[in-house]
Amino acid sequence: MQTECSVEYKEDMINRTVAPPITDAVAFDLHLKPCDRYTLDNQVPVYAINAGAQEVVMIEWVFYAGNWYESKNIIAGTTNFMLKNGTKQRNAYSINEYFEFYGAYLNRSCYNETATITLHCLSKHVAELLPVVAELITESVFPEQELAIYKQNQKQRLEVNLKKCDFVSNRLIDEYVYGFHHPYGKYTSTLDYDAVERAELEAFYDQFYKQGKCMVFAAGKLPADIDQQLNRVFGSLPLNSVALPEVNYSLHPAAEKKYRIINDKEGVQGAIRIAQPFFNRHHPDFPKVQVLNNIFGGFFGSRLMSNIREDKGYTYGIHSYLQNHIHHSAWMISTEAGRDVCEATITEVYKEMELLRNEPVDQEELDLVKNYMIGSLLGDLDGPFQIIGRWKTYILNGLDEQYFYNSIDTIRKVTAEDLQALAQQHLQPEKFYELVVI
């Protein structure tokens, strides 16, 4: 006997013998969720996305305290790492125990221009955790014993990494492209760790953390009074009280363009890096070049992957990308290949550049890449943490939400002729630095 309920159920059932309609990603109407903006009493700006189904939050304090502002190598990175290693009230063990007790994760990272302190926790524990984050910003003491342990660990890690061809190649290609004395191009030696003094960390900390330029990004299921909580704990701190120093660096790329380095005489694999200095996001051609880069080597179905991985079998993976630095950038091709096929791999990279210069991309391939890029963008906006991450990128680079919509419009409208012209301008082998480390 059929019930009314069962009849309705059958009528509403999906007919699985018919495939659902397929919609191209480029047809989607994408929107970037606006972020809330307000300032604390000390003029520290806060950017917040209140969204998500889970009772979790992420709060990130961004300081202009990267290696762009250091006067001695690795001071910025060491200061940032040591923030969690002892304050006037707690030692490193107590700090870690406190955050673990609340099931929270506190991380810190140092980049070229900025350095961050990032808190992930349950929404209900924000009030208990914010004061301890403030303690790290105002009362870190950089214990000598903790500094000694850090130096020793970093030197040992560096000595191990220097035996790896990919690690060495990453260091050297940045030096060739930017110059060793540029913040993007310098790298660390064991002597740099030996030279670090506690007083230097304290001075950098006082200038760039305790009184430094700061902004806050928050996302997730935020407490209803998150603005009041942040202002109560951080609004009275002397942040943003000292002007950020004017620091400018010029590019000094290497004169030689081709390098072959033997790092391990017995090595069977070589690390290949091919790169040229490039413009940053503010250049009007940047969004179009991102489309060209994806066709060239920016995703798994790219030409470099199809040729050098799938057809030739020289490598497990090869990628090209635009480095997303704030001031300067670089167009980079990166892969590891067997020692005996490194030169052949480079030859194939230049062949793919030549094809893009000489032949327009066919419409099917262009449509595939456009849909891939829009689809990737959809994934990048899946959740409050991802959304605030995109806002952070725009804000730190001096961009606004219009950049998001302009980029989508560029992806949809860019033509094969546009891309061929860009390839003829930029994908010229003589512009690239070429490095193989074995």
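Author: Start with two terms. Helices (H or I, at least four residues) and strands (E, at least two) are DSSP runs, numbered from the N terminus. Two strands pair if DSSP finds at least two bridges between them. Here, a hairpin joins β9 to β10 through six residues. The model is predicted, so local features need pLDDT of at least 70 and side-chain atom pairs count only at pLDDT 80 or more, while totals for chains, interfaces and linings use all residues. Residues count from 1 along each chain as its sequence is written, and side-chain values use heavy atoms, leaving out hydrogens and water.

Reader: How do you know that β9 and β10 pair?

Author: Five bridges join them, and they run antiparallel. Pairing asks for at least two. So β9 and β10 pair. Within this pairing, Y321 stands opposite M332 in β10.

Reader: What joins β8 to β10?

Author: Those strands also run antiparallel, with 10 bridges. A275 stands opposite M332 in β10.

Reader: What makes β7 and β9 edge strands?

Author: The open sheet has five strands in the order β7-β11-β8-β10-β9, with mixed pairing. β7 (258–261) and β9 (318–322) each have a single partner strand, so one side of each lacks a neighbour in the sheet. For β7, β11 (residues 433–437) pairs in the parallel sense over four bridges. There, R260 has V436 as its bridge partner.

Reader: Why is β10 called largely enclosed?

Author: Buried means under 20% relative accessible area, exposed over 50%, partly exposed in between (1.4 Å probe, protein chains only). Eight of the 10 residues of β10 are buried, so the rest of the structure largely encloses this strand.

Reader: Why is W68 called buried?

Author: Its relative accessible area is 2%. The limit is under 20%, so W68 is buried.

Reader: And what is Y249, buried or partly exposed?

Author: Y249 has 25% relative accessibility, so it counts as partly exposed.

Reader: What makes W68 and Y249 an edge-to-face pair?

Author: Rings of Phe, Tyr and Trp (its six-membered ring) pair if their centres lie within 6.5 Å; planes under 30 degrees apart count as stacked, over 60 as edge-to-face and the rest as tilted. W68 and Y249 lie 4.8 Å centre to centre, with 80 degrees between the planes.
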